[in-house]
Amino acid sequence: MERPISQKLFAEAQKHIPGGVSSPVRAFKAVGGTPPFLVRGEGAYVWDADGNRYLDYVMSWGPLILGHAHPEVVRRVQEVAQKGLTFGAPHPLEAQLAQAVKRAYPQVELVRFVNSGTEATMSAIRLARGYTGRKYLVKFRGNYHGHADGLLVEAGSGALTLGVPSSAGVPEEYARLTLVLEYNDPEALRALLRERGEEIAAILFEPVVGNAGVLVPTPDFLQALHEARAYGVLLIADEVMTGFRLAFGGATERLGLEPDLITLGKILGGGLPAAAYAGRREIMEKVAPLGPVYQAGTLSGNPLAMAAGLATLEILERNPGYYAYLEGLGAALEAGLRQVLSRKGIPHAVNRVGSMLTVFFAEGPVVTFQDAKRTDLGLFRRFFHGLLDRGVYWPPSNFEAAFLSVAHREEDVAKTLEALDQAL
């Protein structure tokens with residue numbers, strides 16, 4: 001599939017933007033080649049500047065659970081945009097979206113909106129430290145929680161894709177406040193809690209990991225997380241990716257979690273920049289202007305983002321059957337991928353929860369971050385380009401989740417499997 005216009009656009013962008021992209025994984029360094037410059041999306045499909053059409057499994061990295069350019073979401077945004085793009089003042093849609101969040105997450109009592117998942121996790125950590133009076137944070141290898149300084153320690157997502165699990169510019173003194181454990185290692189977590197539980201403000205975790213590829217939590221690991229509360233440690237569930245995707249109440253509902261704070265993003269903004277941190281009243285009341293933990297943002301609660309997010313959540317709430325549909329479609333894609341790869345004799349593991357899925361090119365099972373790193377990256381590059389050249393746009397990293405939307409159809413799954421069979 002030829003992309004001369006995208007090649008020209010990419011060359012020009014690199015003159016003005018670091019790497020030619022606004023987020024590292026988009027540069028295709030993990031897979032090689034030129035990224036298609038996308039100019040239009042509709043339903044489950046996108047088109048690049050050269051006019052090529054692709055079946056999309058990136059879906060803007062998760063937000064577009066309803067598909068591209070959903071008519072009701074677009075209409076609601078247009079109605080608000082005609083009245084003004086931003087005010088830097090309270091807007092009625094903020095409280096309406098907060099109420100929708102609370103309906104999805106009944107344990108949530110107060111919600112604060114920000115602009116990105118990074119802001120949400122960064123703010124939740126500051127709040128946890130302000131509430132507990134403690135300074136240490138626990139995170140897990142391969143869990144990505146945004147690019148705040150204290151979180152770029154053994155991180156996943158683009159940092160893992162580029163082979164840089166941390167980042168230059170992060171002071172060692174600050175990084176030392178983050179204690180790193182292996183995801184799905186409950187005994188290591190219990191040992192740390194016994195030794196240093198009284199010093200730890202919070203444990204930040206992805207309930208289902210999507211940024212080292214999809215990793216599924218074991219029941220014992222989830223149990224160990226909840227045992228941290230006996231030490232006065234707050235649990236922060238990073239549901240930026242899983243919120244409203246694995247169920248209307250996200251992974252918290254699906255897995256029966258009891259977090260103290262939840263961070264949300266992606267689907268919350270319906271395709272526009274919006275995120276939030278939320279939790280119990282006694283904790284959230286520590287946030288300014290009610291309390292001493294400061295956090296602010298000029299565009300937080302932007303009317304356009306609130307409109308897109310509210311429209312998306314209301315559609316999901318009206319159509320609870322969407323989640324069963326996504327589960328069935330995800331299961332069909334998972335089974336088909338396994339069948340094609342097995343027939344070709346290629347070692348693999350397919351990890352899936354609901355509409356999130358990753359193919360690892362390694363003997364399974366893949367349960368931990370160390371397991372995920374065994375994947376054959378050379379084979380993944382061939383897999384990726386084989387699909388892309390046949391009109392299927394898979395995430396350009398083996399350490400990212402692929403996403404389905406309700407706009408995807410059974411014939412799209414069949415097309416994907418046919419493309420994979422031809423590519424291999």
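## Before we start

Residues are numbered from 1 along each chain as its sequence is written. Because the model is predicted, local features need pLDDT of at least 70 and side-chain atom pairs count only at pLDDT 80 or more, while totals for chains, interfaces and linings use all residues; side-chain values use heavy atoms, leaving out hydrogens and water.

Helices (H or I, at least four residues) and strands (E, at least two) are DSSP runs, numbered from the N terminus.

## A three-stranded sheet

Look for the open sheet with strand order S11-S12-S14, where the pairing is antiparallel. Two strands pair if DSSP finds at least two bridges between them. Strands S11 (349-353) and S14 (402-403) stand at the edges with a single partner strand each, so one side of each has no neighbour in the sheet. Helix H12 (residues 321-343) packs on this sheet and touches S11 and S12; contact here means heavy atoms within 4.5 Å. The direction of H12 makes about 180° with that of S11.

Strand S12 (residues 356-360) is joined to S14 by two bridges. Met-356 has Phe-403 in S14 as its bridge partner.

## Two pairs of helices

Two packed helices are described by the angle between their axes and the distance between the axes. Axes are lines fitted to C-alpha atoms, for helices over the stretch in contact, and angles run from 0 to 180 degrees between N-to-C directions.

Helices H14 (residues 377-388) and H15 (residues 410-423) pack at about 120°, with axes 9 Å apart. H14 and H15 are therefore oblique to each other (under 35 degrees counts as roughly parallel, over 145 as roughly antiparallel, 65 to 115 as roughly perpendicular and the rest as oblique). Phe-383, Gly-386 and Leu-387 in H14 meet Thr-416, Ala-419, Leu-420 and Ala-423 in H15. The residues of this contact divide into five nonpolar, two polar and no charged. Here Ala, Val, Leu, Ile, Met, Phe, Trp, Tyr, Cys and Pro count as nonpolar, Asp, Glu, Lys and Arg as charged, and the others, Gly among them, as polar.

The axes of H3 (92-104) and H11 (residues 303-318) come within 9 Å and cross at roughly 35°. Their contact has nine nonpolar, two polar and three charged residues.

## Tucked-away residues

Which helix holds Ser-6? Ser-6 sits in helix H1 (residues 4-13), and its relative accessibility of 0% is why Ser-6 counts as buried (buried means under 20% relative accessible area, exposed over 50%, partly exposed in between, with a 1.4 Å probe and protein chains only). Beyond four places in sequence, the contacts of Ser-6 include Thr-34, Phe-37 and Asp-48.

Val-108, in the loop between H3 and strand S4 (110-114), is buried too, at 4%. Setting aside residues up to four places away in sequence, Val-108 touches Lys-102, Ile-262, Ala-278 and Gly-279.

Most residues other than glycine have a negative phi, and most peptide bonds are trans. Asn-184 has a positive phi, near 70°, and lies in the loop between strand S6 (178-181) and H7. Lys-266 also has a positive phi, near 45°; with a relative accessible area of 24%, Lys-266 is partly exposed.

The bond from Ala-288 to Pro-289 is cis, with omega near 15°. From Gly-364 to Pro-365 the bond is cis as well, with omega near 0°.
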